[in-house]
Amino acid sequence: MPNVSPAVTAFTICGLEVALSTKTIDYMIEYQVFKSAGPAWLARNDPKCNIEQSIIDAVSSSLKDDIYAWSADFSEDLQEKVENEFFDMNTDGWWDQVHSMALAVRALNDQ
């Protein structure tokens, strides 16, 4: 089971909640900090969005690891259903959920 941040960090897939690892949350917070640099800085320092894409890829990869760890004890059929639903989602389908959780964790950490 991944190292999980506070209980606020659950991603919903197939109607079930997947606990997100600290690693996934940390990558998403890194993305938020990166984007907060503003359009001028981003245009100057990441004009082709390579850095931004590498962070997005890291979030996605870490989320996949969380899903695999979470579903390891499921039946093969349920694992396949979960994987298919995740891979059928476009990035926006899971990004908004993970983003809102990272914001919540960041707010808790800032208290």
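Leaving aside neighbours within four places in sequence, isoleucine 67 is in contact with Phe11, Ile13, Val18, Val82 and Phe86, where contact means heavy atoms within 4.5 Å. The model is predicted: local features need pLDDT of at least 70, side-chain atom pairs count only at pLDDT 80 or more, and totals for chains, interfaces and linings use all residues. Residues are numbered from 1 along each chain as its sequence is written, and side-chain values use heavy atoms, with hydrogens and water left out.

Ile67 is also among the residues with the most contacts inside the largest nonpolar core, together with Phe11, Ile13, Leu63, Trp94 and Val98. This core has 25 residues. A nonpolar core is a set of buried Ala, Val, Leu, Ile, Met, Phe, Trp, Tyr and Cys residues joined through side-chain atoms within 4.5 Å. Buried means under 20% relative accessible area, exposed over 50%, and partly exposed in between (1.4 Å probe, protein chains only). At least two core residues come from each of strand S1 (10-13) and helices H1 (22-35), H3 (50-70), H4 (76-88) and H5 (91-110). Helices (H or I, at least four residues) and strands (E, at least two) are DSSP runs, numbered from the N terminus.

Helix H4 has 13 residues and spans 18 Å from its first C-alpha to its last, close to the expected 18 Å; the expected span is 1.5 Å times one less than the number of residues. Its buried residues are Gln79, Val82 and Phe86. They lie on the same side of H4 because they cover an arc of only 65° around the axis, taken from the directions from the helix axis to the C-beta atoms. The face turned away from this buried side carries the exposed residues Glu76, Asp77, Lys81 and Asp88.

The whole structure has one salt bridge, that is, a side-chain nitrogen of Lys or Arg within 4 Å of a carboxyl oxygen of Asp or Glu. In a salt bridge, the side chains of glutamate 52 and lysine 35 meet at 3.2 Å, N to O. Glutamate 52 in helix H3 and lysine 35 in helix H1 are 17 residues apart. Glutamate 52 is buried at 14%, whereas lysine 35 is partly exposed at 34%.

A search of the whole structure finds zero disulfides, a disulfide being a pair of cysteine sulfur atoms within 2.5 Å. Two cysteines are listed below.

| Residue | Relative accessibility | Phi | Loop |
|---|---|---|---|
| Cysteine 14 | 19%, buried | about 55° | between S1 and strand S2 (16-19) |
| Cysteine 49 | 37%, partly exposed | about 60° | between helix H2 (39-45) and H3 |

Most residues other than glycine have a negative phi. Cysteine 14 has a positive phi, and cysteine 49 has a positive phi too.
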